[in-house]
Structures are given as C-alpha cells and as structure tokens.
Amino acid sequence: MLVKWRPVEDGFVHGILLGYRLYYRLTTLPLMPPFNRTMAPDQLETMFDGFLMFTNYTFQITAFTSKGEGPLSQEVVISTDEDVASKSPLGFKLVNLYHMHEVPLTWHPVPDGYLNGILVGYRIKIRIISDAMLDAYGTQRHIDVDAKTLSYTVRGLLNFATYTFQVVAVTKYGEGVHSPILRAKTCPCEKYLTTNWYMVPPYTNRTGDQETGIFPWLLNNLVKECCGNCVNRHGWSEILYKTDGYGGDGYKDEISDFSSILNEDTDFSFPVQGHSLQEKYATFYSYVYAIASPGVAFFIVDDPPDKMPNAILETVNGNWGMLLIVVIFSSIAGIIMWILDAGTNELEFTRRFFTGSGEGFWWAFISMTTVGYGDRSPQSFLARIFSIFWVLAGLVLFSILMGSITNALTTVTFASKSIQLYGTKVAAIHGSPSYRVGIRRNAKVNQDKNYHDVYELQHDLRERKVKGALLDGYQAGSYNELFEEEHIRVREIIDYNTGYGIVLGGIHHRLQGCFQNYVKRKRSFIVDYVASQIKTVKKNPKSAAEAQSTNLFNPKSPLFVKSMTFTLILFVTSILVGVCLHFYFRKRLRNKVRDETEVNVKNIPKATGEILESFCTRISSLKKELYQKHTNELRAMSGLKRRDVEYDILKQMKEDQENADVENMHSSCSDIHDNKFTSQSLLMASHSPGDDVVTGDVIQFDGVTPFHDVIGFNPHGLCTQDSFDESVNFESHIQLDLRSTQEPPQVEARPDIEDLQREAYLAGLKAEGKDESGHPFAKMYRYLWVEK
C-alpha cells in the first residue's frame, strides 16, 4: 500500500519541521493503540506491506517540531484487495473405516480474517494411495461444493483401499491454503486383536490396569489407522493387552517367557529388536520396524571420594624426602647469602648469625618459588652471582617437588578416564539387547548373578560391586532418578544401529504394508511423541577426569569435612582476634594522639612567647632609635643650640636598662598563650606649633581570633597585659623644655617630620614582614607626601 500526503502549508509549521508521523490501525478495532511510522521532513510518501488481505485500515498523519506533534489529519480508511484464503477450513475430519465404499467428511469455515475475500465454495480433493496393501498412487480428483456446505460424503470408493482427502476454500482468485491430508481406509481387520509384550520403560509400561508407553500408543494409532471403525460391520477393532494368542496374560515378566510364544498365534508381539530394513522375523513372521534405539548407555561409577585426597596425601608423604632436601638446600643458600652480603647489606641481612641466616632462608625460598617479593635483595657482586646460580638450581628442585605431586593427580585422573567396556565387570538385564551388546564387546557381563530389572542393576552399581552397567538409552532416561548420584555417570553411548518394532502374526500379517506406511508417513509425529515420553539421560556437568581431580574438595569426603571444620574455626578465631586488636590499637592511638596534643598545647604559649619576645625586642630598639632621631630634629627645628629635652619614654628605658638586662625586660611576654596578634599600625603624630606636648599613638595589637588579653606596649618599651578595649590608646608624651628667651627660629609650615614618620612607618612594616601596599595607613601617608 502506497500512502502520500502534501506538506504543511507555509505559516503553520511554527518552527523547524523535524518530520512526519503516520498513525494507522485496523478500522474494526478502534480501541487498539495505533501503530506509527516516522518520516523525514522532506518525505511525502511511504510504502507499507505485510497488511492483512481484504481488510480496512484507518490512517492519520501529523507533523512535529522540537516542541512536539501538531494536530492530526482527518482519518482516511483504506481497504486491501482480495486474495486466496490464508488458512484452511478448520476442523477438517473424516471417519476412517466407516464403510467399505464411503467416507464422510466434515469441516468448519475458514477463521475470520483469513478468508481474504468472498467465499465462492469448497473443493474436496481425493486420491487413492493404497489398494489391498499395495501402493497405488493414482490421479487426484476433486469435488466442488457450494459455500454453505460444511460436510460431504464421498461415495464410489474401492474397498480395502486407502485414500487421501483434502478440503480447501475457493475465492475468485482461486484455492487457498489446503487442509492437512487425511487418510481413510475401508474395513480390513477383525474385531479383537491379541498381544504379547514385556515391560521395558519407556517403550512399554503398566500403570495400574492401564498399559502405557510408546508401543501401546503406537499400536493404538496403527490399528486405528489401518483398521478403523467399521460401523456397518463390527465397528472399531479392539486390542487385548491382557490376552495373548493362547488365552494367557499378554504381559510377560521375563524376556524368556516373552520369546517362547512369539509365533503366528498372537497378532502383535512387541518390542522386538531389529533394524530399519528388516521385514521378516525368524524367517516366517512379518516385522514392522517402528522406533530407532539411541544406543546402549554405558554407566560407570567413580572412585570413592577419599581416593583423590588420600592419593595426594600419600604422594606428599612419599615425597617427604624431596621436601626435606628443598628445605635444607634453601637453608644452605640462606647461610651462604648471609656470609656474602652481611658485610655490605647489614640493613637486610644483619650480622647476627641466626637472624641474618633466617633472612637468607626467606630470600632463598621465595626466590626458588619465583615469587620474589623484593623485600630482601643481594647487594654485593658475589652475592648477586650466587643469586643467579641459586635461582636456576632452586627452580629445578621446586619443579621436581611439584611434578611429583602433579603426577599423582594425573595418574588417578587418567586411570578413571581410560575405563573401557572391554574386559570390565559390568551388569546388564539378562537377555536384553544391552546384554547382547556387552557380550559382543567382550565385557564381563553378569559374572556374579543375572539381573532382571533396573533396580538390581543400579543397586550393585551404586555399591561399587560392578564397575559399570549397560542399559538402553531411552530406558536409562526413564530411570534418571536412579542415576542422578554424583559418582555415577555415563561413560559413553554405544551405537549399535538397531531399534525396536512389532512382529505380526496370524491373518493380520497383511497389515505390514499399512503399518510400515503409517510409520513412514507419521515419522515426525511418532518422533514428537517419543520425545515427549522419554527423558534425556542427565549428563554429569563434570567429566570423570574433572570429578577425580576435584574430589579433594568433595563435600561428602570425611577429609574435606574435617578440613573445612578446622578452617572455619580458624577463620572465626582470626576475625575475633582481629576485632579485639583493632579496638586495642585504636584506643592506644587515641591516647597517643591525646598526649601529643596536650604536649603541643602546652608548648604553644612558650613558642608564642618567644615570638612576641623577639618582636618586643625589635620594636623597643626601633622606638628608642626613632625617639632619639625625632629629638634631634626637634632641636634643629626650634633653633636651639642645646635644650633640655626630656622624653619620659627614653628616661624610663634607660632606667630599665640599668635595673635589668634585656632578657628580664622581655620575659614578661612569655605569659601570653593561645592568642595571635597582628601589628596594625605604627604612627608618629606631627608636631603642632605652640603645643608643649607632642603626642603619638604607640603600637596597638588586635587579635585575629577572639582572645582574653591584649598586649600593649607602654612608652617605656615594656610588655603589659591589659583588658581589651578598642578605645584605649597608649600615648608617648614628649615634653620640650624651652628655657631660652630667644624666639624660636622660623621654620617651614610643613617641616620634614613626615620623613621621620615615613621612616618609622616603614620600619614597623619591616618588623611585621609586610609591604606598604597592604597596610591600612598607606593612603594617609600617600596624602602627606603628596601634600608636601
């Protein structure tokens, strides 16, 4: 179906057109979610296929942008064309063996939706394929009936013949799908049929009073197919599974009893071993080959679980001498390494003999196993030369030791893997095809006793009274639960190219052709049923070699149980010890950290005091120098040759120097602790004409973090401890004693006191380790210098 559309008109896209989305659904199902297909924006048509024939579909299309889909178009209903019917009429049936010359047929109409057109009528197709048990593939003929006819009786057929029938629906385009081919025969059989059989699941079985299995099912189908239900004569033929040709029970407990009455007096005997081309049994009786045998399963039993661990332990015990040699040579190599390298590599090989040679033994053993952690390595030239020879010799020694242990594993593994049927003591059901296969392969079959059922066979195999067992493949699958034990496995499936069939006796040997034809025609049908009845022999996920090599870790092994118990106890003990040590070391570490922290906290005031003491010393010296320089400048500025200029701060500093040395003067700073300080300003005030006192702010400290005390430096250069107050200033009073009566000389309105201030400012910054750009009073000094 081709669907076309026009693009969206200009002005209605409202964005960038990303494409079109076409929605479609069955018109008869309006509630069904529609299907959709997305197309490119430049695509204006699309082709659909796979639609149902003769069916209406509803279409809608929309355009979409990045914001979503636009409105849908109007619905358009399109119908596909007629065609032939895509399914055959349902329930096509016929009555087999209904009459000697007639076969009635019935069917149902073609399912809705599969007629694909208008029904014209039905066509019945007939062909003869067998006449008197002989192939007679004739020409097919047909009978047309109208559309309302759903049953028809075909007349004028040959008796004792087989016909094929088909029905097909017809439209104006011709025939549709044909119905399955059904076969019908005219009556050929008697009313009652006798049997002779023995139990071999899944071929034959008995559940209560009901006969089950492949052959009863197959024989029922064969009789139904070949004999049918002759309504006008005796009706359906019946199979008597509880009656043989002599009036006895059809079921036989022993194979020998079954074979004794296998003759023409009994109609059907099964299962009987034969091959696919066989048509006669014992020269006289007709034979119908029905089911191919999968072969004979050869079961073996693994060695006891303790064999592999014991073999390893025996190997290790048997090689204790080699293990001792390895240890002795490693010790000798360690002593030699200590002798050669202790003088130059005392850090890794100490000079003490026992400790040093012990380190040497560790190095020798690790190097021999090619692990080489690298924690011990020779340094001297002779030691390195010896290392080369030892590694080569150690590899040889260690390889011999590991090779002897590996050889034990390999020997046991190959011993179990190499089990062959020839000469092996095996068990098989006496007289069965498996028994004959064992005899032909020269196996030691049933040497101790004859086995009559699978349970006896499996018991002796499990108890390891025999090494193996032979059983038909399908039969073994029926007894899977008996062979699911880990130590029992299928060694191989022996294919002997035979199968099982039915022996025909009496007048019913003429059914051979019909039976053979049915088996051939219904081969897939039979195979499907066989597949539904049999159980696949479960393959052990581990091969015999893997099982033997991993028996060391077999949970059922007593050695494994003891080893695992000891390991778990050791594991739990290790966890408990580890947890206890964890909390013990954690507590010790916490106490150690606490002690170190307390020591560090105690040392903080001392370290801080030393820093501040050094800072006080530098500032006191600087202030002394600056005040001296400032005094000289004031003398020159006043024009006095010599005046008594007394500075309280200088006088006090002199007194302090006379009374105490510098260390005692600064020791007061050591009382400070847990605080940080930053020198924020150092400023000398300008002199004001006419004032007797020159005032200047001294150093003021502001804490970076909250603190309890603030250190102030008084004019005497001593450290004091006062309560913090932002309004407090420590002032230096400079008093000039102007005793001369002469007028002071005229000086400039702006004396060079700014230079002194500038030098003091820079000196303060230098003491703090800062530059001018980061100081808060830099702008003030720039103003003073620009004004000057």
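How many bridges join strand β27 to β31, and which way do the two strands run?

1. Six is the count: 6 bridges link β27 (residues 296-301) with β31, and the two run antiparallel. Strands here are DSSP runs of E with at least two residues, helices are runs of H or I with at least four, and both are numbered from the N terminus. Across this pair, Phe-299 sits opposite Val-490 in β31.

2. A quick word on the source: this is a predicted model, where local features need pLDDT of at least 70, side-chain atom pairs count only at pLDDT 80 or more, and totals for chains, interfaces and linings use all residues. Residues are numbered from 1 along each chain as its sequence is written, and side-chain values use heavy atoms, leaving out hydrogens and water.

3. Now zoom out. You'll find 5 strands in an open sheet, ordered β29-β28-β30-β27-β31, with mixed pairing; two strands pair if DSSP finds at least two bridges between them. At the edges are β29 (444-445) and β31 (488-494), each pairing on one side only.

4. The peptide bond from Pro-201 to Pro-202 is cis, with omega near 5°, and Pro-202 lies in the loop between β17 (192-198) and β18 (205-207). Another cis bond runs from Phe-270 to Pro-271, with omega near -15°; Pro-271 is in strand β24 (residues 268-274).

5. Most residues other than glycine have a negative phi, and most peptide bonds are trans. Yet His-14 has a positive phi, near 55°, in the loop between β1 (2-4) and β2 (19-26). Ala-282, also not a glycine, has a positive phi of about 55°, and is found in the loop between β25 (280-281) and β26 (285-292).
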